[in-house]
Amino acid sequence: MKFHLHVGVVQCEDADTLEQVLASANCAGRVLARPAPNVAVLETEDAARLVEALNERGLHPKVLK
Amino acid sequence: MSYAAANELRGYAQGELDLLAVLECVISRQPRVLKNGLPNLAFFRACNDALSQPDVEAEGVAYSQVEFWLALARQIGLVHEVDSRLEPDDSADEFFDAPLMERRTRLREAWLNARDFNEFSVTPTLELPGMRKGRTVDVGSDIPGPGTLIDARRAIVEIVTTLGQETTLAALVRRVRDTLPNLFINHDDDKSWRNVYYRGIRERGAREDCERNGNWETVEGAVIALICELPLSRLGWVDYDPRGQLLRQASDEPEATAFEVVVQPNFEVVALGDRPDAATLWKLARFTTPQPEGRVRKYLLERAPFAAALGRGAGASGLTDFLAGLSRSPLPQNVQFSLKDWGALSERIKIWPDALFIEAEGVDDLAKLLPARLVETLSPEVLPGGHRVCVAPDAATLRGVLPPRRVPLDYARRLPPVIEPGEGASLRAPREELHLRARQLLELLSTSRGTDIYQLDADAVKRSAAAIGPDELLRRIREGLSRPLSATVALALRTWSGEFSPPIADAAELLIADNPEQADLLEELTELRGWIERKLARGVFLLRPGGSERVREALKRLGLGVAERKKK
């Protein structure tokens, strides 16, 4: 069991959606870990960029702050 | 209910609606905060237009009400700055959840203790050359500082609460002047030649500072009038009639609210009624885009604020039910469908931009290991694979709930380098010390070769260098390794990543001329130039394969000989 503090976490309905979401902000190559097929861990600044990119595309994810 | 009581409570309720209007403008505009700490002029204008009785810019100091409500909102943390922009704070939700009387008490205390609000600066009849742009007071001026103002506010409230049922503003000013002449500015030494003027304070439009003699009502009296009209009236201490300049004692009886909303098929929500409830409208404003500038309170249902509300923990069905409860008729079907759809779509992608990720590495059932107080305090959400995630708590909260001897890996800082270069092209990385950045680096560079052992992989390095760039890859390598790489491994990595071009090891054909001038002349010969691949030094040329034979022939044609190297 490890505690990773101040990371960005993205969870999607399925792995395909996650791939598309990561690609939308060019974050696919910057993923820190994929603990599950539909979950990615990112640096916080990458996660913020992802939120911005998705909002710009009108996708409006559920952002938990 | 007496007229006075009804009017007074409407005064406070109206004041709270003005605060709500300012907060709604913060939601809809998210104004940029300038260097002086205040939002831009456009924001002030928009807020002013949204007030029940807007200030008239031409009458003097504009936007005193907006400045007042904004100062109070900041004082009790209803708004905060994010990346130099003003945004509503989650504590505003808690504020509006509290009962009306508690909210009023908090606002009153906020004004009484406000250090960023100076009544002198917003009094319309006064001009303050002694106040700088950032609302700091010039040391040489008579403008009272925050400490004096805090004491003065309490003194005025004390006097006002002991007044009779009804009194005039003039009587109040006289009473304050007679009992507390030094309330704002010390007048004990007014006969001195040093204290002829109110330094840094003048009447609006005047060319010189006010004389102290005979102008107490003009300066302090004007400030007291503003205090009656704005804080005392809007925070429910008195009922103030600015036309008749009359003050009435206030009653504490809460007034019933009466309003309803109409939800239109074009996604507009209109609040109707002359006594709307600020707390309810705040809840509405939090999942819609408020449009506070008009005379009618309107809220636009949009996907972005709806998704943002879901992110703050609200449920889609709960918000829909709340809206339906306010509406006098059933919600239009297209609105119902859209709200349901927005809720479902938002749930498809969930992002925690700043999270605590609890990794169930090598643990079958994390629930058994997590301390109950951690689960209770942070309420982490279960992810596939048994991992947990929640919004990153502050350091003190996290320390209080972590299991013993567990230290979180803080990605806001630089993490320790845990990968050790081994023999040859191998790397060693103990699993228990591996953080996600190190794991990511290992994936970029190597393939696993057993427990804690990894082997550098040329193909992986080439792929990674192409994806993130050789410079970035090398930076990560330097940061991630516990000690510098051996020359062999460094050469390999930098070559694989594309930083170095491969060195040449071959039987070379050379053209050598000992005399520098001879070398320059040879270089100019067009017959030779095509066979020179690279000039290695002055007089030393690397020839293309087969070039030596061609050069000999060319030189022979010119009648020049070629020296033979001595063979051992």
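This is a predicted model: local features need pLDDT of at least 70, side-chain atom pairs count only at pLDDT 80 or more; totals for chains, interfaces and linings use all residues.
In what order do the four strands of the open sheet in chain B stand, and is their pairing parallel or antiparallel? The order is 16-17-19-18, and the pairing is antiparallel. Strand 16, at 420-421, and strand 18, at 446-448, are at the edges with a single partner strand each, so each of them has one side without a neighbour in the sheet. If you look at strand 16 of chain B, you will find that two bridges connect it to strand 17, residues 426-428, and that these strands run antiparallel. Within that pairing, B:Glu420 is placed opposite B:Arg428 of strand 17.

Let me now step back to chain B as a whole. Its secondary structure consists of 23 helices and 22 strands. The radius of gyration is 38 Å, whereas the globule rule gives 24 Å for 568 residues, and because the value is well over that figure, chain B is more spread out than a compact globule. The C-alpha trace of chain B spans about 125 × 70 × 50 Å along its principal axes, and 34% of the 568 residues in the chain are buried. If we take the contacts in chain B with a separation of 6 or more, 58% of them are between residues 24 or more positions apart.

Chain B is also divided into domains, namely domain 1 (3-249), domain 2 (258-348), domain 3 (355-401), domain 4 (420-496) and domain 5 (509-557). Taken over C-alpha atoms, the centres of domain 2 and domain 4 of chain B are separated by 52 Å.

Next comes the place where the two chains meet, to which chain A contributes 38 residues and chain B contributes 46 residues. On the side of chain A that touches chain B, the elements giving two or more residues include strand 1 (2-12), helix 1 (15-24) and helix 2 (44-56). Strand 1 of chain A gives the most to this side, with 11 residues. Sorted by class, the side of chain A that touches chain B has 23 nonpolar, 10 polar and five charged residues. Strand 1 of chain A also pairs with strand 15 of chain B, residues 409-410, in the parallel sense and over two bridges, and here A:His4 is found opposite B:Leu409.

Staying with strand 1 of chain A, we can follow it to strand 3 of chain A, to which it is joined by five bridges, with the two strands running antiparallel. In this pairing A:Val10 has A:Ala40 as its bridge partner. Strand 3 of chain A is mostly covered, since five of its five residues are buried. Strand 3 of chain A also pairs with strand 2 of chain A, in the antiparallel sense over two bridges, and these strands make a hairpin with two residues between them. There, A:Ala33 stands opposite A:Val41.

In the largest nonpolar core, which has 130 residues, A:Val10, B:Val22 and B:Cys47 are the ones that touch the most other members. Another core lies apart from it, with 19 residues that include B:Leu444, B:Leu445, B:Leu456 and B:Val461. If we set aside neighbours within four places in sequence, the contacts of A:Val10 include A:Leu18, A:Val39, A:Ala40 and, from the other chain, B:Ile351.

How values were computed. Residues are numbered from 1 along each chain as its sequence is written. Chains are lettered from A and ligands numbered from 1 in the order in which they are written. A nonpolar core is a set of buried Ala, Val, Leu, Ile, Met, Phe, Trp, Tyr and Cys residues joined through C-beta atoms within 7 Å. A residue is buried if 20 or more other C-beta atoms lie within 10 Å of its own, exposed if 12 or fewer, and partly exposed in between; C-beta atoms are placed from the backbone. Two residues are in contact if their C-beta atoms, placed from the backbone, lie within 7 Å. Domain bounds come from an automatic or database domain assignment. Ala, Val, Leu, Ile, Met, Phe, Trp, Tyr, Cys and Pro count as nonpolar, Asp, Glu, Lys and Arg as charged, and the others, Gly among them, as polar. Two strands pair if DSSP finds at least two bridges between them. The radius of gyration is taken over C-alpha atoms; the globule rule is 2.2 Å times the number of residues to the power 0.38.
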